[in-house]
Amino acid sequence: PADIKALGVDGVNQIWRDAKLRGAGLKRAKKLVARVLSLCEKISLRDENSLSLALSLGIDRTKLDLIDDLSSRIVPSSEDELCRVIKECSLDGKNFFLVGINGRTKLAHRKIIEGEIKVQIALGLSPVFVVMHGGEDKKISRKLSKKYSAPCLEKLSPELLLALAGRAKLALGNRYHLLYLAKRSNTPIIPFGDDPKIEGLK
């Protein structure tokens with residue numbers, strides 16, 4: 001059940017499609033995910049889009065809690081700590097933008113994000129890649145960092161990331177918390193993907 005919950009409707013449907021199962025489709029995937037979610041005592045959701053999706057799957061409203069993201073309680077790091085990172089990355093006096101990419105992003109979508117990175121570079125902004133998770137995220141961020149001769153920041157504290165997002169001119173990509181913290185800092189964002197959490201930021 002935990003795997004089905006994590007996959008969601010689209011993930012379950014995609015597995016069925018990849019396996020070329022007959023008679024399986026979106027309707028049955030919705031039923032399966034709804035059944036698994038209905039077994040939960042409580043489900044915490046971050047945004048109205050997720051709430052609407054859960055209700056459309058037939059989940060009992062009394063089981064659903066709409067809560068603020070815990071990231072809303074973070075306070076920015078000190079100015080000294082922020083200045084140290086900016087200096088280490090040679091960003092002093094530069095206009096920069098933050099990029100957060102999910103390492104599992106399909107190649108076609110990654111090329112769209114890279115297209116926007118190139119646009120921002122052409123506009124005179126310097127990219128800074130932020131690794132939000134290890135594994136695949138780290139791999140793609142390091143690869144793009146090398147390709148664009150740009151810093152790649154790993155293991156930033158949420159407080160430092162919030163402070164850095166406040167100094168950036170823009171944040172783009174498909175990593176929710178990077179975009180959320182940038183938006184919280186009144187930094188413009190360019191979100192990519194159709195994840196309901198990211199859709200809620202638009």
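Visitor: How many aromatic pairs does the count come to in this structure?
Guide: Keep in mind that we're looking at a predicted model. For rings to pair, their centres have to lie within 6.5 Å. By that rule, the count comes to two aromatic pairs.

Visitor: Let's take Phe129 and Tyr148. Is the pair stacked or edge-to-face?
Guide: A pair of aromatic rings is described by the distance of the centres and the angle of the planes. For Phe129 and Tyr148 the centres are 6.4 Å apart and the planes sit at 20°. Planes under 30 degrees apart count as stacked. So the pair of Phe129 and Tyr148 is stacked.

Visitor: Which parts of the chain does that pair link, and how many residues apart are they?
Guide: Phe129 belongs to strand 4, residues 126-130. Tyr148 is in the loop between helix 6 and strand 5. These are distant parts of the chain, and the two residues are 19 residues apart.

Visitor: And Tyr176 with Tyr180: what is the angle of their planes?
Guide: The ring centres of Tyr176 and Tyr180 are 5.8 Å apart. Tyr176 and Tyr180 both lie in helix 8, four residues apart, which is about one turn of the helix. Tyr176 is buried, and so is Tyr180. The pair is stacked, because its planes are at 25°.

Visitor: Back to helix 6, then. Is Ser145 buried or exposed?
Guide: Ser145 lies in helix 6. Buried means under 20% relative accessible area. Ser145 has 10% relative accessibility, so it counts as buried.

Visitor: What about Leu144, which residues does it touch?
Guide: Leu144 is in helix 6 too, and it is buried, with a relative accessible area of 2%. Not counting residues up to four places away in sequence, Leu144 touches Ile101, Glu114 and Phe129.

Visitor: How far apart in space are Leu144 and Leu66?
Guide: In sequence, Leu144 and Leu66 are 78 residues apart. Going from C-alpha to C-alpha, the distance in space is 36 Å.

Visitor: How many disulfides does the count come to?
Guide: A disulfide needs two cysteine sulfur atoms within 2.5 Å. For Cys83, the closest cysteine sulfur is in Cys89, 12 Å away, so that is too far for a bond. The sulfur of Cys152 also has Cys89 as its closest, at 9.5 Å, and that is too far for a bond as well. The count comes to zero disulfides.

Visitor: Is Cys83 buried or partly exposed, and what about Cys152?
Guide: Cys83 has a relative accessible area of 36%, and for Cys152 the value is 22%. Buried would mean under 20%. So Cys83 is partly exposed, and Cys152 is partly exposed.

Visitor: Now for the largest pocket. Which element gives the largest share of its lining?
Guide: The largest pocket has a volume of about 2,300 Å³. Among the elements giving two or more residues to its lining are helix 1, helix 2, strand 1 and helix 8. The largest share, eleven residues, comes from helix 1.

Visitor: What classes of residue make up the lining of the largest pocket?
Guide: The largest pocket is lined by 46 residues, with Ala6, Leu7, Asp194, Asp195 and Pro196 nearest its centre. By class, the lining has 19 nonpolar, 14 polar and 13 charged residues.

How values were computed:
Residues are numbered from 1 along each chain as its sequence is written. This is a predicted model: local features need pLDDT of at least 70, side-chain atom pairs count only at pLDDT 80 or more; totals for chains, interfaces and linings use all residues. Side-chain values use heavy atoms; hydrogens and water are left out. On a 1 Å grid over the protein atoms alone, a cavity is a set of points where a 1.4 Å probe fits but cannot get out, and a pocket is an open set with protein on both sides within 12 Å along at least five of seven lines; lining residues have an atom within 4 Å of a point. Grid points are joined across faces, edges and corners, and a volume is the space filled by probe spheres set on the points. Ala, Val, Leu, Ile, Met, Phe, Trp, Tyr, Cys and Pro count as nonpolar, Asp, Glu, Lys and Arg as charged, and the others, Gly among them, as polar. Buried means under 20% relative accessible area, exposed over 50%, partly exposed in between (1.4 Å probe, protein chains only). Rings of Phe, Tyr and Trp (its six-membered ring) pair if their centres lie within 6.5 Å; planes under 30 degrees apart count as stacked, over 60 as edge-to-face and the rest as tilted. Contact means heavy atoms within 4.5 Å.
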